[in-house]
Amino acid sequence: MLNRKGSLGEAAFDTFNYVLLTVIGIVCLYPMLHVLFASFSEPALLSRHSGLLFRPLGFSLVGYEVVLQNPNIWTGYLNTLFYVTVGTVLNVLMTALGAYALSRKNLMLKKPLAIMTVFTMYFGGGLIPNFLLVKNIGLYDTRLALIIPGLIATYNMIVMRAGFAAVPDGLEESAKIDGANDFTILFRIILPVAKATVAVIVLFYAVGHWNAWFNAVLYLQDRGLYPLQLLLREILIANSASGNTVESVAMNEDDRSLVYVLIKYCTIIVATVPILFIYPFCQKYFVKGVMLGSMKG
Amino acid sequence: MELAKRQSTATRNSFLGRLRKDVFTNKYVYLMALPVIAYYVIFHYVPIGGLVIAFQNFNAFKGIFGSEWVGWMHYTDFWNSPYAFRVVRNTLLINIYQILFAFPAPILLALLLNEVRGRMFTRTIQTVSYMPHFISLVVICGIIVDFSQSEGVINDIIAFFGGERSNLLMQSDLFRTIFVSSGIWQEMGWGSIIYLAALSTVDPHLYEASSIDGAGRWRQLLHITIPALIPTITILLIMRVGHIMSEGFEKIILLYNPLTYETADVISSYVYRRGIQEANYSFGAAVGLFNSTINFIILIAVNNFSRKYLKESLW
């Protein structure tokens, strides 16, 4: 950091620090690499292998072939895309409306509104009343059940309000003098100016939808509506999809059980790559998002 | 107090008058707030009202208004069941372990990264360590399941050092260790961002001045770096403690199984099994209400304590 004097103790500390951080980095990365290498391995070699993997054992795409030929995976993918896109758009719209109202300095009901929303971060009805509500208002077993009940994450709304508050007042005032109403100010001025904050919020909501699974367990029965994560749970954890996942490809019993070893790894990669692909593009917003969120109500 | 009261009665009419005027001048803002208010009322406050079924024998056909009232019966049932002690103990233990081990991990990582001078190196480690945060819980748990199997990687390592192979997730005495350590692995990097950001605001002159005064790196760490983090640590700790009764529930139901219920079953997973899977709605709501009430009380207590003695608080 700074020009500190390099004594022997400091050199020892630095070495220790670099080694430790490298180890932490490897530990964070390795499980994903293991899965990646395993997914490209020859099934026969992989099933005989034990211990860490440092490269694919042989090279084979048979696992991917089986996974990508499974119609359930494609349905899950499309459903997840629907939940991510429609869900995120509605999330951001509603969050922006709430954040805008909360960021108005002269609004008389601002304080009650803030208390009403923040209170729900600390106390709520919990699992059962929420479940019964979704059932009673007819959202059960519909796609909307995964979107409507979570329209606003209060934490994200607070982050967004902080972003809106940072927009210079002069911009809004001059727009107002030019005859702009609040909708114009929000959509034409504040959202474009605060786009870094908006990007963070989009990222948080989209990743949330991509990774969500529990509400689908609660609210969906129709397998045709299942998001990808729910199929993943069957394949990875419940171990129940072995039969119908592999059967779509013609092969004998032995090959099937060998390929099954691969399928887990291939589905993990297929389901994770899209998120990791957008990751480098979003990385510069992480710090901003986390920092804004840390500000007090 | 008295004066304020009298004034507020005196101005009640003009308060309504002012409100009407405010709604008129800000009509578009209120129009925007309307769906937001509706959302909060329907999806947050109606369920809070729905908690009354905790004191009923809720029957889905009769509804909240037709079901019979049973007072505290479900609470008595819960406390008399053999599971009450188990789930409360597990909930507290898992969270206490998390606060002891998982909470400090990102702080330590941030301190280590802060001592590194090479920017490239820091960035690489950060990028790699954030990554597990973005992988879905289902995939994370899938990897944990795969690695813990008796033929899995961790057992390969155990066997290499001469240990016995076994399915680690089937052993109840290992559940908490697996749960907490995998949580550290997944969230340590992400959690460190906020501390690193807090450290980046420290005035570099402080370090210069202290090194002129003869302070080594250890002293600088103790007297400059760590004090700079204290406010952030306090706020995050309050927030964490406020969730002491509810953290980690999704991961638990992905990883536990009847063999590990003894150490893994927490209040919220118990609510899920009894309430949703067995459709004992009233019982589930009662245990859930107990859980969130304790949570709320702890949060308020910790926040007040912190406001009084540490001068930091959430509100």
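Colleague: How many helices and strands does the secondary structure of chain A come to?

Modeller: In this predicted model, chain A has 14 helices and 0 strands. Read from the N terminus, its elements run α-α-α-α-α-α-α-α-α-α-α-α-α-α.

Colleague: What makes a residue of chain A buried, and what percentage of the chain is buried?

Modeller: A residue is called buried because its relative accessible area is under 20%. Of the 297 residues in chain A, 50% are buried. The accessible surface of the chain comes to about 13500 Å², with 66% of that belonging to carbon and sulfur atoms.

Colleague: Why are α4(A) and α12(A) said to meet?

Modeller: Contact means heavy atoms within 4.5 Å, so the residues listed on either side count as meeting. From α4(A) these are Asn72(A), Ile73(A), Gly76(A), Tyr77(A) and Thr80(A), and from α12(A) they are Leu228(A), Leu231(A) and Ile235(A). By class, that contact has 5 nonpolar, 3 polar and no charged residues. The two axes come within 7 Å and cross at roughly 145°.

Colleague: Nice! What makes a residue part of the lining of the largest pocket, and which lie nearest its centre?

Modeller: A lining residue has an atom within 4 Å of a pocket point, and 25 residues line this pocket. Nearest its centre lie Val27(A), Pro31(A), Phe147(B), Ile154(B) and Trp185(B). The pocket holds about 690 Å³ of space.

Colleague: Which helix gives the largest share of that lining?

Modeller: That is α11(B), with 7 residues. At least two residues each come from α1 of chain A and from α9, α10 and α11 of chain B. The lining divides into 21 nonpolar, 4 polar and no charged residues.

Methods: Residues numbered from 1 in each chain as written. Chains lettered and ligands numbered in written order. Predicted model: local features only at pLDDT ≥ 70, side-chain atom pairs only at ≥ 80, totals over all residues. Heavy atoms only, no water. Axes fitted to C-alpha atoms, helices over the stretch in contact; angles between N-to-C directions. Helix = DSSP H or I, 4+ residues; strand = E, 2+ residues; numbered from the N terminus. Nonpolar A, V, L, I, M, F, W, Y, C, P; charged D, E, K, R; others polar. Buried < 20%, exposed > 50% of the residue type's maximum accessible area, 1.4 Å probe, protein only. Areas by Shrake-Rupley, 256 points an atom, 1.4 Å probe, with all protein chains shown as cover. 1 Å grid on protein atoms, 1.4 Å probe; cavity = no way out; pocket = protein on both sides within 12 Å on 5 of 7 lines; lining within 4 Å. Points joined across faces, edges and corners; volume = space filled by probe spheres on them.
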